[in-house]
Amino acid sequence: MAAGRGGSWQGVMVALLFLGVLTPAGAASAAALPVVINTWAFRTAAETAWRVLESGGSELDAVERGCGQCEIDQCDGSVGYGGSPDESGETTLDAMIMDGNTMEVGAVADLRRVKNAIGVARKVIEYTKHTLLVGESASLFAVRMGFPYEDLTTQKSLSLYSEWLNQSCQPNYWKNVVPDSSKSCGPYKRREEVTYKEEQTSSQRSVHNHDTIGMVVIGVSGTVASGTSTNGAIHKLPGRVGDSPIAGAGSYADSTAGGAAATGDGDIMMRFLPSYQAVEYMRMGTDPTVACQKVISRIQKYAPKFFGAIICANTTGSYGAACNKIPGFTQFHFMVSNPLLSRPTEQVVDCI
């Protein structure tokens, strides 16, 4: 099911290094193909994806292996097993992968007891006519595909859960319930009368506790693939699914335009389909950096204090990123690999 191959581009690398001019993130990026771009300073994920392309693997292979490396590494505790326990203390996983040639998507959400979430998502494309599988049924599918059941709980996740319980379950994601969810662990019941007040749009998540890996890979022929993997929002309600496994929200790939991937407060960001919107901006000829900025600005109008960022790349290999400036989050770090760079390189963009 993989789209075009990574291609034999090593022979032109030296010439490109002499011809290319590297520019700071946020300015018009030097375009070159292939390109791998991923959220946050997840270097081993970038290196793994780049090696896949170097060895002739497909763009989908690179996305799967790159994001899968973060699942193994437990990147920042927000990807893979042993992080972000929910209200019951369980870690569950969300992931997606998208083929920009065929527009096929494979995704899993609320995946339990299986570590390689993006690997399972790839199997949804390859062995079913579906797009998204969820919960216990997704886990059963994974086992049928040969993935082993494994415990996703670690001493670290148990410790995080215990600390949260000892802090009266703060913070949490309940509202309009009794007893007061800001002071108690519940169990909660709904109020007879719901209080309609302006939603608190200041994110409970921050750069320290919610760092989805999102990746876009564009091959020498312009074939685009994208993907995400995360263990979601810490202390979420069991069953909660954020933006990461949702096509057009967590990521989006279209080989006629480009690719994008988002990270941050998924409960807010998924309402705006930011990755789809960014790709459509690029389809109209908008520079990737500007496309990312326009997406962030659109969300700001409704949720000015949201935590989030997005990466964008078009089919020429030009790329960019943008983030929403809030206290404690004024810059966004991301990784870029292309023939103009001697190695996968961390780049930084100032938030807007």
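The structure is a predicted model, in which local features need pLDDT of at least 70 and side-chain atom pairs count only at pLDDT 80 or more, whereas totals for chains, interfaces and linings use all residues. Residues are numbered from 1 along each chain as its sequence is written, and side-chain values use heavy atoms, with hydrogens and water left out.

A search of the whole structure gave 12 salt bridges (a side-chain nitrogen of Lys or Arg within 4 Å of a carboxyl oxygen of Asp or Glu). One of them joins Glu346 to Arg43, with 4.0 Å between the closest N and O atoms. Glu346 belongs to strand β14 (residues 345-350) and Arg43 to helix α2 (residues 43-54), so this pair ties together parts that are 303 residues apart in sequence. Helices (H or I, at least four residues) and strands (E, at least two) are DSSP runs, numbered from the N terminus. Glu346 has a relative accessible area of 34% and is partly exposed; Arg43, at 33%, is also partly exposed. Buried means under 20% relative accessible area, exposed means over 50%, and partly exposed lies in between (1.4 Å probe, protein chains only).

In another salt bridge, the closest N and O atoms of Glu90 and Arg112 are 2.7 Å apart. This pair links distant parts of the chain, 22 residues apart: Glu90 is in the loop between α3 (59-73) and β2 (93-99), and Arg112 is in the loop between β3 (105-111) and α4 (117-127). Glu90 is partly exposed at 23% relative accessible area, and Arg112 is partly exposed at 27%.

Asp267 and Arg240 also form a salt bridge, with the closest N and O atoms 3.1 Å apart. Asp267 lies in helix α7 (residues 266-269) and Arg240 in the loop between β8 (224-230) and β9 (251-254), so that distant parts of the chain, 27 residues apart, are linked. Asp267 is partly exposed, at 24% relative accessible area, whereas Arg240 counts as buried, at 13%. Elsewhere, salt bridges that share partners join Asp61, Glu64, Arg122, Lys123 and Glu126 into one network.

A nonpolar patch on the surface consists of Leu140, Val143 and Tyr149, which together have about 260 Å² of accessible area (Shrake-Rupley method, 1.4 Å probe, only the protein chains shown counting as cover for residues). Patches are made of residues with over 30% relative accessible area and no salt bridge; like charges are joined within 9 Å and nonpolar side chains (Val, Leu, Ile, Met, Phe, Trp, Tyr) within 5 Å. Val143 lies in helix α5 (residues 135-144) and is partly exposed, at 35% relative accessibility.
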